[in-house]
Amino acid sequence: MKRFGVAAFDASKGAYESETLQRQSKEYDEQLKLFQDRLVQFANAHNNELKENPEFKAKFMKMCYSIGIDPLNLFDKDRHLFSVNDYYYEICVKLIQICRETRDINGGIVSLDELRKVYFAGASNVTEEDIEKAVEMLGSLDGGFEIFEIRNHLKFLRSVPTELTSDQTKVLEVCSVMGYASNSLLQANLTWEKLRCKATLNEMVANGLLWIDDQCGGREILYWDPSWITRSTQEHL
Amino acid sequence: MTVPPIYAFPPLYTRQPNAIIRNKQIDSWEDILLTTARENGLWEIDTEGKFTSQTTQELPPHLQGSIFSNESIGRTAPPLFVKEILSHMLTKGSLVQGGSDTTSAYLVLWKNMDSWASLMLEWCETTNKLGQVVTLYELTNGDESIGWDFHGMPQGLAARCLRLLVKRGRATMLQDEYDRDIAVKVI
């Protein structure tokens, strides 16, 4: 039906509205991005003033935070932007956050690799060394954060106070290869007694470090390391 | 469709003995169910975890079976565990009894009823429907609700949400000769 007068606009009104809204929100996004970039530049240019005037610095940081700039992007550790320690303090805060949020899933053990690739993905300049240094600084808080190494190169961060036994560490080593461990795998690879395998695995399940899987073709129970979950996403990327 | 990576994690399909982990596991399942329903515009699920589609449009192949069964990794959550997950969701309110044709089906609420009611109110306000009689069909299937999240919602569920507006004194329901809700007037 052809409509006349003002009514003619009704039919196409919806389309115009959504188009305008989309355009506007895109413009806002661009402006916000630009503003964020400028703020970072500003921080770079006026570094000394920011460093000397704590009140100014606090206000500036608050502003950055409220418009969505990750503080980690503001710091430049090579040029001692602000004070170099601030950069590591920010990492510390992030680490505590991440560990708390993921503790129920991974039992408080997370690999540095996973931390950097998955959780610090937004802040590209964070290296494993930075994380290690931040963990060292956390040590003075006595919060039980500790880094340990398996297979001589894979580093893990432990955020729960219970220390891993060497047997548990060995199981994690096996898991880091296949994603899971099992009684027979441990018996074959580590030449452990059956009882030792069973006890270690069960304890790790009780501590929340491993998830069980009883549907592996009806043979035996597999014990999976939850870090597998994010590992598989990294492979997809 | 995006499934969270944990959907491919084999132990997700075995009920975890550790209670803390199991809570997390059940939360993950709830997340998977709600995300799937939202992204595919689905509203009903049966007691085995099979989504039913209201439209004639066929479900994507991976959703034709139960959501609790993942063929690509050969894992299926056992019926008892499925029951536990669904009853957890019922208690939390993200699932409610009362699918359309069978008594054994659940409605999936990927937004809670209050949010749905508010959204419908918002729709009436934006499309200038205040004070007018709108049929439930118009509301859930009409051209004017395309692009709104409740488009495609079963009319029974829509009526239940609208009743919240009635309670708030913002709407009146109209029934047909069989006493079924067919239309609403929002004021």
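Q: Okay, how many helices and strands does chain A have?
A: Chain A has 11 helices and six strands. Keep in mind that this is a predicted model.

Q: Noted. What share of chain A is buried?
A: Buried residues account for 27% of its 237 residues.

Q: And the contacts in chain A, what share join residues at least 24 apart?
A: That share is 50%, counting contacts between residues at least 6 apart in sequence.

Q: Which domains does chain A get?
A: The assignment gives domain 1 (12-69), domain 2 (73-163) and domain 3 (164-237).

Q: How many residues does the contact take from domain 2 and from domain 3 of chain A?
A: Domain 2 of chain A puts in 16 residues, and domain 3 of chain A puts in 12 residues.

Q: Which elements supply at least two residues each on the domain 2 side?
A: In chain A, they are α5 (84-106), β1 (109-111), α6 (112-119), β2 (146-150) and β3 (154-158). Each of these supplies at least two residues of the side of domain 2 that touches domain 3.

Q: How does that side divide into nonpolar, polar and charged?
A: The side of domain 2 of chain A that touches domain 3 of chain A has seven nonpolar, four polar and five charged residues.

Q: Switching topic. What does the contact take from chain A and chain B?
A: There are 16 residues from chain A and 15 residues from chain B.

Q: Where does the largest share of the chain B side come from?
A: From helix α1 (residues 19-40) of chain B, with three residues.

Q: And by class?
A: The side of chain B that touches chain A has 10 nonpolar residues, three polar and two charged.

Q: Now the sheet in chain B. What's the strand order?
A: The order is β2-β1-β6-β5 in chain B. The sheet is open, has four strands, and its pairing is antiparallel.

Q: Which strands are at the edge?
A: β2 (51-52) and β5 (95-97) of chain B, as each pairs on one side only.

Q: How many bridges are there between β1 and β6 of chain B?
A: Three bridges, in the antiparallel sense, between β1 (residues 44-46) and β6 (residues 105-108) of chain B. B:E44 has B:L107 as its bridge partner in β6(B). For B:D46, the partner in β6(B) is B:A105.

Q: And how many join β5(B) to β6(B)?
A: Three bridges, and these two strands, β5(B) and β6(B), run antiparallel. Opposite B:L95 stands B:V108 in β6(B).

Definitions and conventions
Residues are numbered from 1 along each chain as its sequence is written. Chains are lettered from A and ligands numbered from 1 in the order in which they are written. This is a predicted model: local features need pLDDT of at least 70, side-chain atom pairs count only at pLDDT 80 or more; totals for chains, interfaces and linings use all residues. Two residues are in contact if their C-beta atoms, placed from the backbone, lie within 7 Å. Ala, Val, Leu, Ile, Met, Phe, Trp, Tyr, Cys and Pro count as nonpolar, Asp, Glu, Lys and Arg as charged, and the others, Gly among them, as polar. Domain bounds come from an automatic or database domain assignment. A residue is buried if 20 or more other C-beta atoms lie within 10 Å of its own, exposed if 12 or fewer, and partly exposed in between; C-beta atoms are placed from the backbone. Two strands pair if DSSP finds at least two bridges between them.
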